[in-house]
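Please open the structure in the viewer and keep the selection tool at hand.

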Amino acid sequence: MGEQAVTPETTGPTTAGMTADGKAAAPAAVPGAGMSADAGNASVPVQERTADVVPGPGGVMTDEVGVVTGELTLRAEYAGGQVTLRVKYKDADEWYTVTGARVALADPTGLDAVHGIAVALLHRPEG
């Protein structure tokens, strides 16, 4: 069982889109195949923590819609070596990025601490 050089004339099983007869396989539509944009650190899955908060007077400033007030849900998410804080109106679907609340975090185990600090800073039901 020696090694055999593969030449264009050689037939047999192949990989990388080739069929067993050595001819290129028909293209297949595979959404997202080979895409890496915004993949971040693919070896670490996205992690998140959420908590309901009621901010004090002035609410929470967001990048998308400005100030949001009232009963909110706060989410701290870790992806690609960064933590981002987002809020949404409680029981709503749309999340807003908290202005200035994106920071590098080398170790994802720090997410709980960052989330705890964010909750302590933003949850001010008494004003």
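The stops that follow concern charged side chains in this predicted model.

Begin with the salt bridges, of which the model holds four. Select Arg 49 and Asp 112: their side chains form a salt bridge with an N to O distance of 2.5 Å. Arg 49 belongs to strand β1 (residues 47–53) and Asp 112 to helix α1 (residues 111–122), so this pair ties together parts that are 63 residues apart in sequence. Arg 49 is partly exposed, at 27% relative accessibility, and Asp 112 is likewise partly exposed, at 47%.

Next, select Asp 52 and Lys 90, whose side chains meet in a salt bridge at 3.6 Å, N to O. Asp 52 lies in strand β1, whereas Lys 90 sits in the loop between β5 (82–89) and β6 (96–104); the pair therefore ties together parts that are 38 residues apart in sequence. Asp 52 counts as partly exposed, with 45% relative accessibility, as does Lys 90, with 37%.

Then move to Glu 77 and Arg 86, where the salt bridge spans 2.9 Å, N to O. Are these two residues buried or exposed? Glu 77 is buried, at 14% relative accessibility, and Arg 86 is buried, at 18%.

Finally, select Asp 63, Glu 64, Asp 93 and Glu 94, which form a negative surface patch. Within this group, Asp 63 occupies the loop between β2 (60–62) and β3 (66–68). Asp 63 is partly exposed, with a relative accessible area of 49%.

Technical notes
Residues numbered from 1 in each chain as written. Predicted model: local features only at pLDDT ≥ 70, side-chain atom pairs only at ≥ 80, totals over all residues. Heavy atoms only, no water. Patch = residues over 30% accessible without salt bridge, like charges linked within 9 Å, V, L, I, M, F, W, Y side chains within 5 Å. Areas by Shrake-Rupley, 256 points an atom, 1.4 Å probe, with all protein chains shown as cover. Lys, Arg positive; Asp, Glu negative; His and termini not counted. Charge placed at Lys NZ, Arg CZ, Asp CG, Glu CD. Helix = DSSP H or I, 4+ residues; strand = E, 2+ residues; numbered from the N terminus. Buried < 20%, exposed > 50% of the residue type's maximum accessible area, 1.4 Å probe, protein only.
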